[in-house]
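Please look over the sequence and the model below. The report that follows goes from the whole chain down to single residues.

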Amino acid sequence: MKALILVGGFGTRLRPLTLSFPKPLVDFANKPMILHQIEALKEVGVTEVVLAINYRPEVMINFLKDFEDKLGITITCSQETEPLGTAGPLALARDKLADGSGEPFFVLNSDVISEYPFAELIEFHKSHGGEATIMVTKVDEPSKYGVVVTEEATGRVERFVEKPKIFVGNKINAGIYLLNPSVLDRIELKPTSIEKEVFPKIAADRKLHAMVLPGFWMDVGQPRDYITGLRLYLDSLRKKSAARLATGAHVVGNVLVHESAKIGEGCLIGPDVAIGPGCVVEDGVRLSRCTVMRGVRIKKHACISNSIIGWHSTVGQWARIENMTILGEDVHVCDEVYSNGGVVLPHKEIKSSILKPEIVM
């Protein structure tokens with residue numbers, strides 16, 4: 001089987017992290033976002049993953065070469081010269097996806113984090129015999145999204161309603177699809193939306209089905225959702241393989257600590273924290289609801305909450321970092337500095353407090 005991951009563009013919503021790495025390579029729970037997806041695809045027998053990309057493909061390919069060998073899976077790029085939307089890239093990669101076997105292929109949005117129940121998706125797709133299956137997830141506020149209206153008994157999609165004013169349902173597109181190769185015949189090589197142009201036509205032919213995604217789902221393409229996604233991911237990890245989570249007197253709730261990280265005395269860490277490889281957390285540090293990426297040093301008695309600390313940054317003694325502060329790569333926060341929602345670009349030194357949310361160039 002094959003899969004196409006829609007990587008797309010510049011990842012502007014996750015800046016300043018995406019100034020250092022393309023968004024799919026930004027760490028989430030101590031590994032690049034896209035790797036969560038590729039590993040799950042490999043588990044259900046996918047042998048080739050095509051990345052639809054229009055930004056810095058060489059960085060992606062060089063990085064993923066290591067994982068090709070480790071996972072025994074082929075990873076190739078299909079590069080757009082102009083943005084092609086969410087359907088155009090399928091037409092561009094047509095030769096890679098339609099190999100004559102007639103097997104369906106996966107299409108994924110690269111920002112989506114979930115338990116990736118691909119085996120169940122394959123089973124459901126084969127059982128209904130339609131042309132395409134989309135995964136849907138239930139949300140509390142459907143008025144913010146495009147809602148997928150389905151036939152309750154069979155899951156057949158009847159129609160799509162964009163940002164409904166009155167309640168028509170609470171299922172939204174989760175950005176995970178399984179499509180028969182015949183879907184490619186419906187797509188032209190031009191900027192096209194799969195959600196707005198292709199799926200409604202398949203639904204009109206009564207050949208589109210929706211499967212409700214079991215477990216959690218989050219689009220982690222922006223900081224607030226990234227932090228929420230980490231909480232949901234760690235919750236899920238607690239249920240599935242709790243042994244991977246940290247334990248000890250200094251740990252509260254779900255915490256993921258890389259084995260090469262060092263943690264000092266008298267710290268209090270958690271809930272919902274990920275600490276990456278090579279990090280040093282000195283004595284008396286307090287961390288909650290945050291991600292600390294590879295090579296970060298957090299000095300004594302610093303306090304970090306609801307924030308993302310980018311690669312190889314330093315947080316000074318008694319510093320306080322909170323309220324969706326995001327430090328880009330190699331940012332150095334001096335001792336006793338306070339950041340309330342500062343968004344700091346890479347390679348900066350912060351000597352004075354950031355009292356209200358702002359971007360520090």
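## Ground rules and overall shape

Helices (H or I, at least four residues) and strands (E, at least two) are DSSP runs, numbered from the N terminus. By that definition the chain has seven helices and 29 strands. Its radius of gyration, taken over C-alpha atoms, is 21 Å. The globule rule, 2.2 Å times the number of residues to the power 0.38, gives 21 Å for 361 residues, so the chain is as compact as a globular protein of that length. The C-alpha trace spans about 65 × 45 × 40 Å along its principal axes.

This is a predicted model: local features need pLDDT of at least 70, side-chain atom pairs count only at pLDDT 80 or more, and totals for chains, interfaces and linings use all residues. Residues are numbered from 1 along each chain as its sequence is written, and side-chain values use heavy atoms, with hydrogens and water left out.

## Burial, contacts and charge

Buried means under 20% relative accessible area, exposed means over 50%, and partly exposed lies in between (1.4 Å probe, protein chains only). Of the 361 residues in the chain, 55% are buried. The chain exposes about 15,600 Å², an area from the Shrake-Rupley method with a 1.4 Å probe. Carbon and sulfur atoms supply 50% of that area.

Contact means heavy atoms within 4.5 Å. Take the contacts with a separation of 6 or more: residues 24 or more positions apart account for 48% of them. For charge, Lys and Arg count as positive and Asp and Glu as negative; His and the chain ends are not counted. The chain has 42 positive and 44 negative side chains. The centres of the two sets lie 3 Å apart, with each charge placed at NZ of Lys, CZ of Arg, CG of Asp or CD of Glu.

Two strands pair if DSSP finds at least two bridges between them. Strand E8 covers residues 132-138. Six of its seven residues are buried. Six bridges join E8 to strand E11 (residues 171-179), and this pair runs antiparallel. E8 also pairs with strand E12 (residues 208-212), in the parallel sense and over five bridges. There, valine 136 has valine 212 of E12 as its bridge partner.

Isoleucine 134 belongs to E8. Its relative accessibility is 0%, so it counts as buried. Across the pairing it stands opposite tyrosine 177 in E11. Beyond its neighbours within four places in sequence, isoleucine 134 touches residues including Val148, Phe160, Phe199 and Met211. Glutamate 329 is 195 residues from isoleucine 134 in sequence and 36 Å away in space, C-alpha to C-alpha.

Glycine 129 sits in the loop between helix H5 (118-128) and E8. Is glycine 129 buried or exposed? At 61% relative accessibility, it counts as exposed. Glycine 129 and asparagine 180 are 51 residues apart in sequence but 9.9 Å apart in space, C-alpha to C-alpha.

Inside the order, two bridges join E18 (residues 280-281) to E20 (residues 297-298). Valine 280 has arginine 297 as its bridge partner in E20.

Helix H1 spans residues 33-43; eight of its 11 residues are buried, so it is largely enclosed by the rest of the structure. Among the buried ones are Met33, Leu35, Ile38 and Leu41. Just after H1, glycine 45 takes a positive phi of about 95°.

Serine 78 lies in strand E5 (residues 74-79). It is buried, at 7% relative accessible area. Its contacts, leaving aside neighbours within four places in sequence, include Val50, Ile53, Leu92 and Lys96.

## Backbone details

Where are the cis peptide bonds described here? One joins arginine 15 and proline 16, with omega about 10°. Proline 16 is in the loop between strand E1 (2-8) and strand E2 (27-28). Another joins glycine 270 and proline 271, with omega about 0°. Proline 271 is in the loop between strand E16 (268-269) and strand E17 (273-275).

Asparagine 323 has a positive phi of about 55° although it is not a glycine. Its loop runs between strand E23 (320-322) and strand E24 (326-327). At 36% relative accessibility, asparagine 323 is partly exposed. Aspartate 330 also has a positive phi of about 55°. Aspartate 330 lies in the loop between E24 and strand E25 (332-333), and is partly exposed at 25%.
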